[in-house]
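Here is a short briefing on one protein chain. Read it with the sequence and the 3D view side by side.

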Amino acid sequence: MELWYTEEQTSSLRFSCKVKETLATAQTPYQHLAIIDTEAFGPMLVLDGMVMTTIADEFVYHEMISHPALFTHPCPRKVAVIGGGDGGAIREVLKHPQVEKAILAEIDGEVIAQSRKFLPEIAGALADPKVEIHVGDGFAYLKEHKGEFDVVLVDSTEPVGPAVALFSGDFYATVCAALKPEGLMVAQTESPFYNQEILAGAYKGLQAVFPKVRTYLASIPTYPSGLWSFTLASKEYDPLVNQRQPHAGFVSKYYTPELHRSCFVLPKFVQELLSRP
Ligand code: SAM
């Protein structure tokens, strides 16, 4: 008998992939968690029925939420990842030798535990001595840590449940306050095809707080529409002006110095979406 996992991406669109084995399921205090081994993408983390990450294409998302900001800051010593319990963003942050401390503020400890067990390629870096893990609300965490961070990466789920607040103006103001005077942040801001209101709302919300705001795109096969957006917001540095080159030994599968610049070149429909009043 064939087993298929289906994600309802919109009320009229579904994404299905063939399942080899269910590796874990849990109902946590925050969400339903599943880790399934799929034929096309290998092991896959699913939260409340939504694909979070897969072994086959996680490198795109985790490199692109991390490196544009980290190669824009001249010396990122202290970095916070909000959400990101699978550990992939932390793994990419630690590729920067300047980083002395990487904080993970993930509300659901079960995501960390199951990712460590079934997704070691992604979660392995969480064991690094530079990493400090806080299991709790990332919003509350940042409120208690003003002026501490060079870079904050908001690697949250979609704006549902505990992540709703992570797409609010108050949260963006709290991130701004948690950053040092020359700090910058990146938030994942959903699909420019299926989630235009969320992307436009995040962009406008960040513009109300930060002087420099730039959205960029990456292709992620297992995410709704296969095209994903990130929005970088900065107090001082501009990714198209202050770009550092990778150090010798830097390893990536998607991010390149050329892509650092080209990913900010947006299709006309996205430009128009972001320029709406
Ligand atoms: N790459 C994924 C995406 O784009 O949807 C996100 C991956 S990561 C698994 C998302 C994490 O955000 C989840 O583990 C979830 O528990 C966490 N999260 C949601 N709301 C949060 C909050 N308020 N504070 C901290 N973590 C939160």
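Asp48 counts as partly exposed because its relative accessibility is 41%. The residue is found in the loop between strand S4 (42-47) and strand S5 (50-54). The model is predicted, and in it Asp48 has a phi near 45°, a positive value in a residue other than glycine.

- Glu190 is not a glycine either, yet it has a positive phi of about 70°.
- Its place is in the loop between strand S10 (179-188) and helix H7 (196-207).
- Buried or exposed? With Glu190 the question is settled by its relative accessibility.
- Glu190 counts as buried, because the value is 2%.

**Overall build**

- The protein has nine helices and 12 strands.
- A compact globule of 277 residues would have a radius of gyration near 19 Å; the protein has 18 Å, so the two agree.
- Along the principal axes, the C-alpha atoms fill a box of roughly 55 × 45 × 35 Å.
- Of the 277 residues, 56% count as buried.
- Among contacts with a separation of 6 or more, 67% come from residues 24 or more positions apart.

**Surface and charge**

**Nonpolar cores**

- In soluble globular proteins, nonpolar side chains tend to be buried together.
- The largest nonpolar core here holds 47 residues.
- Which members touch the most other members of this core? They are Tyr5, Met44, Ile90, Val93, Val186, Tyr216 and Phe230.
- Helix H1 (residues 58-70) gives the most to this core, with seven residues.
- A second, separate core has 34 residues, including Tyr141, Val213, Leu266 and Leu274.
- Tyr5, from the largest core, is in contact with Met44, Val46, Gly49, Met50 and Val51, among others, leaving aside neighbours within four places in sequence.
- Other contacts of Tyr5 include Phe15, Ser16, Cys17, Val19 and Ile36.

**Helix H6 and its cover**

- Helix H6 spans residues 169-178.
- Its buried residues are Phe171, Tyr172, Thr174, Val175, Cys176 and Ala178.
- What covers the buried residues of H6? The cover includes strand S6 (78-83), helix H5 (138-143), strand S9 (149-155), S10 and H7.

- Ala24 has its place in strand S2 (residues 13-27).
- Its relative accessible area is 10%, so Ala24 is buried.
- Beyond neighbours within four places in sequence, Ala24 is in contact with Leu33, Ala34, Ile35, Gln114 and Phe118.
- Gln114 is found in helix H3 (residues 109-118).
- Gln114 counts as buried because its relative accessibility is 14%, and the cut-off for buried is under 20%.
- Gln114 touches Ala24, Leu33, Ile35 and Leu119, not counting residues up to four places away in sequence.
- Ala24 and Pro162 are 138 residues apart in sequence.
- In space, the C-alpha atoms of Ala24 and Pro162 are 22 Å apart.

**Ser234 in strand S12**

- Ser234 is found in strand S12 (residues 227-234).
- Ser234 is buried because its relative accessible area is 0%.
- Ser234 and Gly183 are 51 residues apart along the chain, and their C-alpha atoms are separated by 6.3 Å.
- Leaving out residues up to four places away in sequence, Ser234 touches Gly183, Leu184, Phe210, Pro211 and Lys212.

**His260 in helix H8**

- His260 lies in helix H8 (residues 257-262).
- Its relative accessibility is 0%, so His260 counts as buried.
- Which residues does His260 touch, not counting those up to four places away in sequence?
- They are His67, Pro68, Phe71, Thr72, Pro239, Leu240, Gln243 and Tyr255.

Methods: Residues numbered from 1 in each chain as written. Predicted model: local features only at pLDDT ≥ 70, side-chain atom pairs only at ≥ 80, totals over all residues. Heavy atoms only, no water. Helix = DSSP H or I, 4+ residues; strand = E, 2+ residues; numbered from the N terminus. Buried < 20%, exposed > 50% of the residue type's maximum accessible area, 1.4 Å probe, protein only. Contact = heavy atoms within 4.5 Å. Rg over C-alpha atoms; globule rule 2.2 N^0.38 Å. Core = buried A, V, L, I, M, F, W, Y, C linked by side-chain atoms within 4.5 Å.
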